[in-house]
Amino acid sequence: MSFTMHGIGVSGGIAIGYAHLVSHATLEVAHYSVPRQKLEEEYARFDEAILSVRQELETLCGNIPPSAPGELAAILNMHLMILNDSTLSVTPKRIVEEQGCNAEWALKQQMDALVSQFEGMDDTYLRERKTDVVQVVERVLKALMGHGVGASAFSEENSILVAHDLSPADVILFKRHHFGAFITDVGGVTSHTAILARSLSIPSIVALHHARRLIRENELLIVDGTQGVVIVSPDKQVLSEYRLRQETWEIEKQKLKRIRTTRTATIDGTSVDLHANIELPGDIEQVRESGATGIGLFRSEFLFLNREDLPDEEEQFQAYRLVAEGMRGRKVVIRTLDLGADKSIAGETRTSVNPALGLRAIRYCLAEPVLFYTQLRAILRASKFGNVWILVPMISNLSEIMQMLGLIERAKISLREEGIPFNEKTPVGGMIEVPAAALSTYTFAQKLDFLSIGTNDLISYTLAIDRADDSVAHLYDQLHPAVLYLVARAIKDAHRAGKPISVCGEMAGDASMTRILLGMGLREFSMHPSHILSVKQQILKTDIPSAMPITSRLLRMEDGQKIRSLIQKLNA
Ligand code: PEP
Ligand code: MG
């Protein structure tokens, strides 16, 4: 039976493919069907992986250095016993046969069954052995993935991921894959999960509420990321209609590419800078293709997610250097850690009543000065290799700026003492993300070299709406008069203080907001690379002297409905 579901489209485009239901635990383990005639090959692939892990463990056992702790040999021997037990080396093949699924999936199911058996044991020692089972299974999974994941049977491009909820850390893992689309039950339009969905450049929808429950594995889906609509089991007529729309969308995208190398300027000749937002060093490939002239926001905290340990100064330095060098002298704004709220590092035990208002971003960094200092040293070292700028998130008062500048100075002194080169004039800026900062822009600008408005958080904190909470997503309004007032005021006050200011929140990448931002005086935008061309197209068609009077009228309005109609007129 065909049915339609409505959510919030967070990344445009149309995808047609088969549902693949995922949960956090199974993100990295592919699940696909294996045809009967290929089952023998699947058993062989599994046996081969078991054999290679056995050899690996035996080699490790035979090469234990004398200085290693005594328990190491005992642990490795126990892992060998777990591996050789038929529950791990034989039962998964039975599951493959019964379910016609791939070996990884069978092994994952068997692991879950064993883990829950261990968890039910009274003896603490035995209960803790579940960790060893997981470690052995992880080794086998790695070996299986190294032996060809049976890619012929499973096409990622044809898969539409259906999840109840995904954290930003989960979504960042998708960058290693090429799924067709991704839809979730929960999430707000500027939640970090949605922003990352956009960064994958695949159609995505959040806030579908019951998708994970109503959609079945392998069901055919159409995902219209622009309209926020999912059609489950479409009939032939609907399917062909959407195939046509998909083609039109692709043609439009190709056409836009023609303006990639055109100078970004308005009709009246005003130059505008279009920069890109990135999460990981690997994203710069896409930045170069997009035609962006720099990186306006590198969300560095993503280097810290999905891992057990923290990247040390050297590892961070290498990552920042890679981006600085990769951009060949173009601006690279590295935002210092924005941890807390929906992004936390492994082992973080602090609990907060209201994390979005708690120890987040600069507050977190000042509470963890060693972590912050390490990052500042790494960024400063990278400044020698390109045009690096430092941006600090979520500042709300002057004392935070003074403490942060003090730490940067200390990092510089230590580098000088060690004879490590860096750019002495590395610009330091702050993000305008809370109303207090927007109202203090002029004061903050006296101490900083530049500013950047994080509209995602600014809207959230102005309207008191949690970005990640879809139950209040309908109240999240970038055209709320208070939001427009704060953005316009911050731009004006930064310019009055003679300091550059940009917008790096999602508002910058929304072509329907380009003219009003230009009318407010904004000349620097930073957005996901996939939005650069649509915003550029709008800039090329804008005459600032004509946009300014309408913008001034808009800023005097109090009625949301009237603002919306005037924006339409402005964009016509
Ligand atoms: C913002 O808040 O607008 C911003 C750019 O930062 P983030 O989305 O990472 O919180
Ligand atoms: Mg922010």
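The model is predicted, so local features need pLDDT of at least 70 and side-chain atom pairs count only at pLDDT 80 or more, while totals for chains, interfaces and linings use all residues. Residues are numbered from 1 along each chain as its sequence is written, and side-chain values use heavy atoms, with hydrogens and water left out.

Start with the domains. The assignment, from an automatic or database source, gives domain 1 (1–20 + 158–242), domain 2 (23–148) and domain 3 (263–542). The C-alpha centres of domain 1 and domain 3 are 28 Å apart. Their contact (heavy atoms within 4.5 Å) takes 21 residues from domain 1 and 21 residues from domain 3.

Next comes the largest pocket. A pocket is an open set of points on a 1 Å grid over the protein atoms alone, where a 1.4 Å probe fits, with protein on both sides within 12 Å along at least five of seven lines; lining residues have an atom within 4 Å of a point. The volume is about 1,700 Å³, counted as the space filled by probe spheres set on the points. Domain 1 and domain 3 each supply at least three residues of the lining. The lining has 49 residues, and Ser11, Gly12, Trp249, Ser530 and His531 lie nearest the centre of the pocket. Helix α11 gives the most, with nine residues. Elements that each supply at least two include β2 (8–11), α12 (284–290) and α22 (532–540). By type, the lining divides into 15 nonpolar, 23 polar and eleven charged residues. Gly counts as polar in this scheme.

Now look at Tyr476, in the loop between α19 and α20. Tyr476 counts as buried because its relative accessibility is 15%; buried means under 20% relative accessible area, exposed over 50%, partly exposed in between, with a 1.4 Å probe and protein chains only. Its C-alpha lies 9.1 Å from that of Thr190, 286 residues away along the chain. Beyond neighbours within four places in sequence, Tyr476 is in contact with residues including Val189, Thr190, Ile459 and Arg467.

Finally, follow the chain into α20 (residues 481–496). This helix has 16 residues and reaches 22 Å from first C-alpha to last, close to the 22 Å expected at 1.5 Å a residue. The expected span is 1.5 Å times one less than the number of residues. Among the buried residues of α20 are Val483, Leu484, Val487, Ile491 and Asp493. After α20 comes Gly498, with a positive phi near 75°.

Note on methods. Chains lettered and ligands numbered in written order. Helix = DSSP H or I, 4+ residues; strand = E, 2+ residues; numbered from the N terminus.
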